[in-house]
Amino acid sequence: DAAGKPVVSSQKTSEALFRAARLLNDKQTVAFPTETVYGLGADALDAAASSKIYAAKGRPPDNPLIVHVSSREMLQRLLPVSYAIPPIYEILIRHFWPGPLTLLFPTNPDVIPSLITANQPTVAIRMPSHPVARALIALADTAVAAPSANSSGRPSPTRAEHVFKDLNGKIALILDGGACDVGLESTVVDGLHEDGNIRVLRPGGVTVEGIEEALRAELVDSAAIPRVLVHRRDFRDEVMEQAPTTPGMKYRHYSPTVPVVLLKTSLPPSTIQPRTVQAFLDSIVKERSSGKRLSIGLMAPSDSPLLTKMTAYDGVQWVPHLLGRLSEPGISAQRLFDGLLTLDNAGVDLIVVEGLKEEKEGLAFMNRVNKAAGETVWIEDV
Ligand code: TXA
Ligand code: MG
């Protein structure tokens, strides 16, 4: 169709799905689209199958995988026998499944190989909403372990061609479902803590504000509403709230091969003087000057006051990848990894990303950019 989304009922699509499901049953790896990013899937109940994921990605063995299910019954089969899902999780599942929310559950080691959980007492599970992902899991009739389908350390793929470029030759099949809607990974939530509070281990497609709203809507007794704990940074990059992050977050991550500079301002960008932007760009050019004109990928909201002040600088060749409007952090999130990978492939010398406010989807956006960037530059008028 016009949006480039596959029609699941078409002959060709169902053939591809059957083939992919058969490969999963044969303990091979298959890349497939989800609403967040492309996943690299293998049978979650089979250690040998899942070990192929670690091998293809070059993933450190202490970083556990997310297990994907297509139904409540499939979820229940993964959990300890007669385990009752906590009421808070029932609320989150009602509001956000299927969708970009991953929940930690106590694992059942009789069912889930320790390779998948990296020996944690918990297992991370989500039910994706993408029709191809759901159909594939249901057809394979097994839970599917799937990290993002990229080499460890690289940006997560949001198009089949990103997967192809990175992992071609290392995996059995790629299902092409067009561009991903959310564009960055699921929110990982631990709601198993004794204090009853909810810990966001990785911000993602479901926003903290969305979780808080769902809890307020369902829990009339405001004293019963748990706190949502999450790492946020203040304007000088101090982490403000304490919440443990997930094993995967300690690694350098999401980096294209070309250097990324994160641009932050502590003042409203509209008040930054053109000469200040000029000075910043002079320093960048001077630092990297090799005689030839620098080509710089520029990722910024289309209505950012900084954008025009940057592109007015004509000492470099600008390759813009716009991030939607300032009021649309969801579009910025959707376009982030796509931009990093596309600009990298276009052969720019450097990518400059303008920082966003850490609210709504901007929180996950900044979480990823902070890890992708080798350098953060503060630009401010003094
Ligand atoms: O949107 C997504 O979640 C994508 C798509 C494919 O579903 N998958 C994804 O997987 O992002 P991956 O492997 O790239 O990231 C999984 C994250 C890692 O940060 C990992 O450390 C964390 O989830 N994780 C997995 N199991 C965990 C556990 N038992 N406890 C804490 N963190 C866990
Ligand atoms: Mg990943």
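Analyst: **Strands and helices up close**

Let's start with strand 12 (residues 295-300), which pairs with strand 13 in the parallel sense over 6 bridges; pairing takes at least two DSSP bridges between strands. Across that pair, G297 sits opposite V319 of strand 13. Bear in mind this is a predicted model, with local features needing pLDDT of at least 70 and side-chain atom pairs pLDDT 80 or more, while totals for chains, interfaces and linings use all residues. Residues count from 1 along each chain as written, chains are lettered from A and ligands numbered from 1 in written order.

Helices (H or I, at least four residues) and strands (E, at least two) are DSSP runs numbered from the N terminus. Zooming out, 5 strands make an open, parallel sheet ordered 13-12-14-11-15. Strand 13 (317-322) and strand 15 (375-378) are the edges, each pairing on one side only. Neighbours are turned by 25 degrees on average, direction ignored.

Helix 11 packs on this sheet, touching strands 11 (260-264), 12, 13 and 14 (350-354), where contact means backbone-placed C-beta atoms within 7 Å. Its direction makes about 150 degrees with that of strand 13; angles run 0 to 180 degrees between N-to-C directions of axes fitted to C-alpha atoms, for helices over the stretch in contact.

Helix 11 (329-345) also packs with helix 12 (361-372), at about 25 degrees and with axes 8 Å apart. The two are therefore roughly parallel (under 35 degrees). Among the residues making this contact are A333, L336 and L340 of helix 11 and F365, R368 and V369 of helix 12.

Note on methods
Parallel < 35°, antiparallel > 145°, perpendicular 65-115°, else oblique. Contact = placed C-beta atoms within 7 Å.
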